[in-house]
Amino acid sequence: MTQKKPSNADRRRIAQAKIAEQRRLEARRQRRITIAWVVAGVVVLAGAGTAATFAIQKTNSDNAKAAVAKQASDPSIDKSSNLLATTAQQSTGGAVDGVVKSNSMETTAYHIHAHLQIYVNGVQKNIPYGIGIMPPYSLSGSGSSAFVSGGSKFYYLHTHDETGVVHVESPNKQEYTLGNFFDLWKQPLSTTQVGPNKGTVTVFVDGKTYTGDPNAIKLTAYEKIQLDVGTVTPYKDFTWPSGY
């Protein structure tokens with residue numbers, strides 16, 4: 001039996017089918033290549049993003065540690081022997097509790113003062129100058145009479161001297177608490193601890209016993225706060241100097 005030769009039309013149809021199949025296979029290959037490149041790109045970007053995030057976090061951590069180390073070694077910070085705690089570990093410029101921020105200079109649109117005194121088993125502990133003020137300092141006087149008149153940054157809450165006067169100087173009226181102040185100082189405050197000292201904490205506000213969380217005490221104008229750790233010291237009044 002003689003096999004019939006394909007016509008020209010049949011040849012064209014077979015050729016077109018082969019071309020179509022080749023194109024389909026090539027398109028599928030290209031899709032696989034594209035997907036592979038996309039996946040690889042995502043992996044690379046993810047790795048780069050993770051590396052970048054890690055690098056940023058490490059840089060921020062290193063900068064913070066460097067700032068703390070620099071401040072701790074600064075000869076101008078208060079290192080008097082009778083301090084409750086020094087400012088060596090305090091915040092170094094970042095926002096505290098989301099509300100206590102810092103500027104390169106004092107902002108006095110809202111300007112009030114409160115007073116804090118602390119006794120540990122009957123012995124008064126001084127509040128250091130420079131809480132909330134970043135070195136290098138401009139200092140006048142020395143020892144317990146030193147006064148910080150300048151620094152590289154000022155938090156809205158700060159101390160200029162060892163008198164226990166807390167300066168509240170903010171660009172707008174804002175409610176601040178004793179807890180904000182201790183968080184800025186980076187010292188513990190609770191009903192059983194003040195700074196490094198542990199024991200039952202008795203609190204007086206304007207001469208009256210306060211039984212709540214000391215962190216929640218609102219800093220108001222001319223307010224007088226006394227914290228006793230351990231032995232209770234009868235409330236001691238504070239006379240505001242002229243000019244406050």
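Entry one, the ring cluster. I found Y222, F238, W240 and Y244 linked into a cluster by ring pairs. For pairing I used rings of Phe, Tyr and Trp (its six-membered ring) with centres within 6.5 Å; planes under 30 degrees apart count as stacked, over 60 as edge-to-face and the rest as tilted.

A note on the source. This is a predicted model, where local features need pLDDT of at least 70 and side-chain atom pairs count only at pLDDT 80 or more, while totals for chains, interfaces and linings use all residues. Residues are numbered from 1 along each chain as its sequence is written, and side-chain values use heavy atoms, with hydrogens and water left out.

My search of the whole structure gave nine aromatic pairs. One of them joins Y156 and Y176 edge-to-face, with 6.5 Å centre to centre and 70 degrees between the planes. This pair links distant parts of the chain, 20 residues apart: Y156 sits in the loop between β7 and β8 (157–158), Y176 in the loop between β9 (165–170) and α2 (178–185). Helices (H or I, at least four residues) and strands (E, at least two) are DSSP runs, numbered from the N terminus. Y156 counts as buried at 10% relative accessibility, and Y176 is buried too, at 2%. Buried means under 20% relative accessible area, exposed over 50%, partly exposed in between (1.4 Å probe, protein chains only).

I then turned to F181 and W185, whose ring centres are 6.0 Å apart with planes at 55 degrees, so this pair is tilted. Both lie in helix α2, four residues apart, about one turn of the helix, and both are buried.

Entry three, the sheet. I traced an open sheet of three strands in the order β1-β7-β4, with antiparallel pairing; strands pair if DSSP finds at least two bridges between them. β1 (102–103) and β4 (133–134) are at the edges with a single partner strand each, so one side of each has no neighbour in the sheet. Between β4 and β7 (residues 153–155) I noted two bridges, and I133 stands opposite F154 in β7.

Where does Y137 lie? I placed it in the loop between β4 and β5 (138–140). Y137 is buried, at 11% relative accessibility. Its side chain reaches the backbone oxygen of I133 at 2.8 Å, and a polar atom of that side chain lies 3.2 Å from the backbone oxygen of G130.

How values were computed:
Polar contact = N/O pair within 3.5 Å; in protein donor to acceptor, adjacent residues only side chain to side chain.
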